[in-house]
Amino acid sequence: MTVDDIAGLRRILMRCRSIAVVGISANWYRPSYFAAKYMQDHGYQIFPVNPNYQEVLGQPCFPTIASIPEPVDIVDCFRKSEEIVPLAHEAIAKHAKVLWMQLGIRNDDAGAIASAAGLDVVMNHCVKIEHARILGQLNWAGVNTGVISSRRPT
């Protein structure tokens, strides 16, 4: 089932506690890195998935979803839209609960495959932004960092 409403996103974010971040980068300035770090900082178990790294965010990095030795609730995809169908099949094989496609990513075929297997599907949403928006870490001034500055941290 495709989830696009606040109640559905809240349900997912409250019930699911482990996230496989597919396509994560080890570079702190990449969206995949800071989204995963934010979720890790908020109590979620992060499983980095990228064959190019040994470790990301202090966690071992896995080459595929299937190689993760523990159950995964959310498969969070930071890959091109045309690469999502195989990831949907991997998420189904892993018995994940949610196939989540990040901002700018939409693949209706992958969504239909995952939905038919009983997974919730989220398309074109950032897990970090939705968590902050729905669960109270995003305020009128933006992300609640406690720092007011237009300069990048060094």
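Biologist: Is Cys126 buried or exposed?

Modeller: This is a predicted model, where local features need pLDDT of at least 70, side-chain atom pairs count only at pLDDT 80 or more, and totals for chains, interfaces and linings use all residues. Residues are numbered from 1 along each chain as its sequence is written, and side-chain values use heavy atoms, with hydrogens and water left out. Buried means under 20% relative accessible area, exposed over 50%, partly exposed in between (1.4 Å probe, protein chains only). Cys126 has 9% relative accessibility, so it counts as buried.

Biologist: Leaving aside neighbours within four places in sequence, which residues is Cys126 in contact with?

Modeller: Cys126 sits in the loop between β7 (120–122) and α5; helices (H or I, at least four residues) and strands (E, at least two) are DSSP runs, numbered from the N terminus. Contact means heavy atoms within 4.5 Å. By that rule, the partners of Cys126 beyond those neighbours are Trp100, Gln102 and Leu103.

Biologist: And which residues of α5 are buried?

Modeller: That helix is mostly covered, with six of its eight residues buried. They are Val127, Lys128, Glu130, His131, Ala132 and Ile134.

Biologist: How is α1 oriented relative to α5?

Modeller: Helix α1 (residues 6–15) packs on helix α5 (residues 127–134) with axes 10 Å apart, at about 105 degrees. Axes are lines fitted to C-alpha atoms, for helices over the stretch in contact, and angles run from 0 to 180 degrees between N-to-C directions. Since 65 to 115 degrees counts as roughly perpendicular, α1 is to α5 roughly perpendicular.

Conventions. Angles under 35 degrees count as roughly parallel, over 145 as roughly antiparallel, 65 to 115 as roughly perpendicular and the rest as oblique.
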